Amino acid sequence: MTTLKVNGHDHEIDADSDTPLLYVLREELRLNAAKFGCGLGQCGACTVMVDGKAVLSCVTPLLLLKGKEVTTLEGLGTIEKPAPIQRAFMEEQAAQCGYCIAGMMMRAQALLQRNPKPTDAQIRGELQTNLCRCGTHMRILRAVHRAARLMDTAELTTSGEGSAQ
Amino acid sequence: MPKPGIVGGVVAAVLIGGAIAAFAVTWRPAIDAIEPPAPQSFDPALVKRGRDLAATGNCSDCHTVPGGKAFAGGLAVPTPFGAIYSSNITPDADTGIGRWSEVAFQRAMRSGVDRAGHHLYPTFPYDHFTNVSDEDDHALYAFLMTRTAVRAAARANDLSFPFNQRFVVAGWKLLFLKGGTYKADGTQSAEWNRGAYLVEGLAHCGACHTPRNVLGAEKASASFSGGDVDNWRAYAINAQSRSPLPWTTDALFHYLRYGWDADHGLARGPMAEVAANLSLVPESDVRAIALYMTSVFGPPTQTRVSEASATRSEIKSSEQPAPADTPGAAIYHAACATCHDSGRPLPYSGINLRLSTALSAPDPRNAANIILSGIRPMSGERSPIMPGFANSMTDDQTAALLTYLRGRFSSQPAWSNAEQIIRDARRAETVSLQNPSAAAPAGPMQRDKP
């Protein structure tokens, strides 16, 4: 048994220590926001946060996570009360098929926690490891800027303030 | 007892003589400024040849800030004496080389003196460029003078006294700058000589791969024995090479041309841009470089040959993975083996680590850089990707993994200095996160179709 802290709660996990975090999240804890894409850390669909930093959960075995805290998209907000990053992605209609979006949001969230006002180049550089085959990159970019503004005003109204430049 | 007047005269004569000698050594005249030549005045075929040569010389690597305007300079080059900033070599009239005549350009290439007569620091590798032929300097000049002019003033260097005094460089040149262009070796083939001309001259391979002395000059007695560059180890590329399989001309060609070789892995760190640039130049030049470098490596010893064949059969035998009985082994089997022990060849998977030169290197610097930062392709390039583990592994976990990798995949003694090196690698990783464009070169690049 391994103790794993996810979204603020301790869980007793009955899995081998070499099990990838992604499998534990999806199969044991039924947290299905993080997606299985390539299984090799090449696509970013499985991105979650570990101690506030973006991590590819498909190549992160449980044994690396002792004493660390995992945050998934479910830990940021809910349908009723979405987090700024989720609201921004909805308001910018940044998802098409949506498969990459949870990973995109988690990596963007980690970026915004480190750097509340990233430039276009910084967002592009950071999200470079996350692939999107639908091609909504420009909307994703706008959504991250919008999330930065939402977090800055820390005011969760639905008014929005127009699209980003 | 000599009269004070005579003593005074001798002292004065020595001082004056010394001053004249020092003046002769350090003073260089300015060369007249010219009106910037019109780009149309250069022959396009010459410009094209200059472009290939500039790629061979990897000029853009130092003279372009990542993500910035091509050849506009401003990149900090760290040295033991402080940071030196690269200069603007676009044809801008005021901040670049727009007013440099070809004579001034060639003087800079041959003897490291700028148009105004200032000595240039040898971070600009004129100790190699002195080998470049007149006609190649001619083509390089045509190429640079037809680039987009960028207004970007040079940044002041961040050097301590006395290194911030440019006349000091004149003394350095007396000691270390040999001068003279490349002399062909009549006993070797034309292709070998072409390779030697490029390697020792424009390609300046030794600038990274040869260790430097306390005054920052390449140690002539240790050519290609390996050096330090940024936070990376440039491996020995002579008989002291520790690559598990000896390099061959074909392997070198593939590695330099395509950025990877099945028996040796990927070009990464500062070598990634070198290989990206070598994908743009005439194939025959890359072959010539590979041929010459094969002779620098020399034929492998009998011991190396038998070790290599043992390594090959070990890889073929698909042995059962060793039990995960240490923390490092457990990490390897859980996080690394999926790609690195998959039995799939490069570039479709990670290299089998029995072939890794990084794990046989004198220190774990390159291995730590790769584990923490991963590998991202050069912008516009096709290349394998490796995820970095900086955010999921602690320093202790990284150290445990390095210890295991060294013990299992190399016959060299254990590394002793992993902790500090991991901290340095983590710092480098953080810097690259803050400057994400650091992974992206300024110009679009198209690697040849394999």
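**Close-up views of a predicted two-chain model**

View 1. Val6(A) is placed opposite His9(A), a residue of strand 2 of chain A. The model shown in this and the following views is predicted. Strand 1 (residues 2–6) and strand 2 of chain A are paired in the antiparallel sense, with 5 bridges. The hairpin has 2 residues between these strands, and Asn7(A) adopts a positive phi near 50° in it.

**View 2. Hairpin of strands 3 and 4 of chain A.** Strand 3 (residues 47–50) of chain A pairs with strand 4 of chain A over 4 bridges, in the antiparallel sense. Val48(A) has Val55(A) of strand 4 as its bridge partner. In this hairpin, with 2 residues between the strands, Asp51(A) has a positive phi near 50°.

**View 3. Contact between chain A and chain B.** In chain A, 20 residues are in contact with 17 residues of chain B. On the side of chain A that touches chain B, the elements giving two or more residues are strand 4 (53–56) and helix 4 of chain A. That side of chain A has 10 nonpolar, 7 polar and 3 charged residues.

**View 4. Packing of helices 3 and 4 of chain A.** The axes of helix 3 (residues 101–114) and helix 4 (residues 120–127) of chain A are 10 Å apart, and the helices pack at an angle of about 130°. Helix 3 and helix 4 of chain A are therefore oblique to each other. Their crossing is right-handed. Helix 3 of chain A contributes Met104(A), Arg107(A), Ala108(A) and Leu111(A) to the contact, and helix 4 of chain A contributes Ile123(A), Glu126(A) and Leu127(A). By class, the residues of this contact are 5 nonpolar, no polar and 2 charged.

**View 5. Three-stranded sheet of chain B.** Chain B has an open sheet of 3 strands in the order 1-2-3, with antiparallel pairing. Strand 1 (76–79) and strand 3 (158–159) of chain B are the edge strands, each pairing on one side only. Strand 1 and strand 2 (residues 82–85) of chain B run antiparallel and are joined by 4 bridges. Within this pair, Pro78(B) is opposite Ala83(B) of strand 2.

**View 6. Two cis peptide bonds of chain B.** Phe161(B) and Pro162(B) are joined by a cis peptide bond with omega of about 5°. Pro162(B) belongs to the loop between strand 3 and helix 7 of chain B. A cis peptide bond also runs from Leu346(B) to Pro347(B), with omega near 0°. Pro347(B) lies in the loop between helix 14 (327–340) and helix 15 (365–373) of chain B.

View 7. Gln93(A), although not a glycine, has a positive phi of about 50°. Gln93(A) is in the loop between helix 2 (84–91) and helix 3 of chain A. With 11 other C-beta atoms within 10 Å, Gln93(A) is exposed. Phe224(B), also a residue other than glycine, has a positive phi near 65°. Phe224(B) is in the loop between helix 9 (206–209) and strand 4 (227–229) of chain B. Phe224(B) is buried, with 24 other C-beta atoms within 10 Å.

View 8. Leu174(B) is part of helix 7 (residues 167–176) of chain B. Leu174(B) is exposed, with 10 other C-beta atoms within 10 Å. Leu174(B) and Thr26(B) are 148 residues apart along the chain, and their C-alpha atoms are separated by 9.8 Å.

Methods: Residues numbered from 1 in each chain as written. Chains lettered and ligands numbered in written order. Predicted model: local features only at pLDDT ≥ 70, side-chain atom pairs only at ≥ 80, totals over all residues. Axes fitted to C-alpha atoms, helices over the stretch in contact; angles between N-to-C directions. Parallel < 35°, antiparallel > 145°, perpendicular 65-115°, else oblique. Left-handed = near helix turned anticlockwise from the far one by under 90°. Contact = placed C-beta atoms within 7 Å. Nonpolar A, V, L, I, M, F, W, Y, C, P; charged D, E, K, R; others polar. Pairing = 2+ DSSP bridges. Buried ≥ 20, exposed ≤ 12 C-beta atoms within 10 Å, placed from the backbone.
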